[in-house]
Amino acid sequence: MFRPATVTGRRACPIRRPESPHAINEAIERDATSLLLIRSIVAATPTAPAFLDPETLPTELRTLLEQVQARIGREVWLIDVTTDLEVLSTLAYSPGPRGRYLRGYGASLSRRYSVYRALTELLEVQLTDRKVAERLECIELLKDQPVLQACAEVDLRPLAASARLVPYVETAAPSSPAEHLSQLLSQLANRGFTVYLNEAHRLSNGITAVHVHIPGLERFHMIVDGPAAVVPGRRGIAAVDVTAPACPV
């Protein structure tokens with residue numbers, strides 16, 4: 001049984017809080033990851049994403065990249081997965097044997113922070129990931145659906161040869177969380193998306209846990225985290241001609 005890759009919010013209300021840009025950016029990361037998988041693996045004519053040229057990174061980001069690579073003992077690629085939402089999205093990806101890839105994501109109106117967050121999240125995954133066996137089991141469960149299995153494997157090595165190498169370009173970013181939130185909401189609204197917030201918990205010191213739901217964003221990324229036999233939703237299908245062989249869409 002396959003189901004569209006969507007999620008719903010619980011007791012959602014229109015978002016108005018200045019502490020929520022991070023949660024919105026995480027939703028955008030998942031949408032960007034989903035579209036990457038659909039365009040580069042599921043599509044009838046796959047397209048390779050753009051890779052950021054490490055030689056063009058600012059000094060501090062280049063140093064961070066080198067430190068992360070030295071710490072994990074593997075090469076790390078920085079992939080630009082920015083979508084039509086125009087929120088800068090970066091995937092830090094380290095290829096490896098089946099199920100043993102490493103990945104970290106970052107989305108922000110600041111390209112610098114997008115790359116920084118992707119690299120630090122990849123390092124966090126490397127230090128805490130204990131789910132290789134579970135991931136391999138989930139991949140094997142999709143053996144009768146080779147396209148979905150390929151998405152679950154997230155093997156981007158075949159794309160590297162045809163990928164475009166693009167320079168890092170610095171961007172101006174809002175100076176405060178409130179301004180960041182306002183611009184995010186404006187950009188999403190301009191593309192027909194409404195953001196909803198559920199405040200899950202607020203501590204006495206003001207630290208708040210929130211759940212953000214943006215109806216219509218793609219959630220096909222769930223195929224990677226498994227076990228979840230999901231298929232692309234409307235946004236993913238609209239992005240490409242999803243007619244690859246053996247794809248149950």
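Trainee: Which residues is Ser89 in contact with, leaving aside its neighbours within four places in sequence?

Mentor: Contact means heavy atoms within 4.5 Å. In this predicted model, Ser89 is in contact with Ile28, Ala32, Ile79, Asp80, Val81, Thr82, Gly106, Ala107, Arg111 and Ser114, once neighbours within four places in sequence are set aside. Ser89 belongs to strand β5 (residues 88-94). Helices (H or I, at least four residues) and strands (E, at least two) are DSSP runs, numbered from the N terminus.

Trainee: What ground rules apply?

Mentor: Residues are numbered from 1 along each chain as its sequence is written, and side-chain values use heavy atoms, with hydrogens and water left out. Because the model is predicted, local features need pLDDT of at least 70, and side-chain atom pairs count only at pLDDT 80 or more, while totals for chains, interfaces and linings use all residues.

Trainee: Is Ser89 buried or exposed?

Mentor: Buried means under 20% relative accessible area, exposed over 50%, and partly exposed in between (1.4 Å probe, protein chains only). Ser89 has a relative accessible area of 2%, so it is buried.

Trainee: Which backbone oxygen lies 2.9 Å from a polar atom of the Ser89 side chain?

Mentor: That of Val87.

Trainee: Where is Asp80 placed, and is it buried or partly exposed?

Mentor: Asp80 is in strand β4. Its relative accessible area is 23%, so Asp80 is partly exposed. Leaving aside neighbours within four places in sequence, Asp80 is in contact with Pro49, Ala50, Leu52, Ser89 and Arg111. Take Ala50: it is 30 residues from Asp80 in sequence, yet 5.5 Å away in space, C-alpha to C-alpha.

Trainee: Which side chains does a polar contact join to that of Asp80?

Mentor: A polar contact is a pair of N or O atoms within 3.5 Å; within protein, one must be able to donate a hydrogen and the other to accept it, and residues adjacent in sequence count only if both atoms are side-chain atoms. The side chain of Asp80 has such a contact with that of Thr82, at 2.7 Å. Another, at 3.1 Å, joins Asp80 to the side chain of Arg111.

Trainee: How do I read strand pairing?

Mentor: Two strands pair if DSSP finds at least two bridges between them. β4 and β5 are antiparallel, over four bridges. There, Asp80 stands opposite Thr90 in β5. β3 and β4 also run antiparallel, joined by two bridges. Phe51 stands opposite Ile79 in β4.

Trainee: Which strands form a hairpin with five residues between them?

Mentor: β8 and β9. Six bridges join β8 (residues 196-202) to β9 (residues 208-213), in the antiparallel sense. Glu199 has Val210 in β9 as its bridge partner. In the turn, Gly206 has a positive phi of about 95 degrees.

Trainee: How many aromatic pairs does a search of the whole structure find?

Mentor: Rings of Phe, Tyr and Trp (its six-membered ring) pair if their centres lie within 6.5 Å; planes under 30 degrees apart count as stacked, over 60 as edge-to-face and the rest as tilted. The search finds four aromatic pairs. The rings of Phe51 and Trp77 have centres 5.4 Å apart and planes at 50 degrees, so this pair is tilted. Phe51 lies in β3 (residues 50-52) and Trp77 in β4 (residues 77-80), so the pair ties together parts 26 residues apart in sequence. Phe51 is buried, at 9% relative accessibility. Trp77 is buried too, at 13%. Ring pairs link Phe51, Trp77, Tyr93 and Tyr101 into a cluster.

Trainee: Which residue lies over the face of Tyr101?

Mentor: A charge sits over a ring if NZ of Lys or CZ of Arg is within 6 Å of the ring centre and within 35 degrees of the ring normal. Arg135 lies over the face of Tyr101, 5.3 Å from the ring centre.

Trainee: Why is helix α5 largely enclosed by the rest of the structure?

Mentor: Six of the eight residues of α5 (residues 146-153) are buried, so the rest of the structure largely encloses this helix. The buried residues pack against α1 (21-42), α4 (132-141), α8 (222-225) and β10 (230-231).

Trainee: Where is confidence lowest and highest?

Mentor: pLDDT is the predictor's confidence in each residue, from 0 to 100. The mean is lowest in β2 (residues 13-14), at 46, and highest in α2 (residues 59-72), at 97. The chain averages 85, with 88% of the residues scoring at least 70. pLDDT stays under 50 over residues 1-14 and over residues 242-249.
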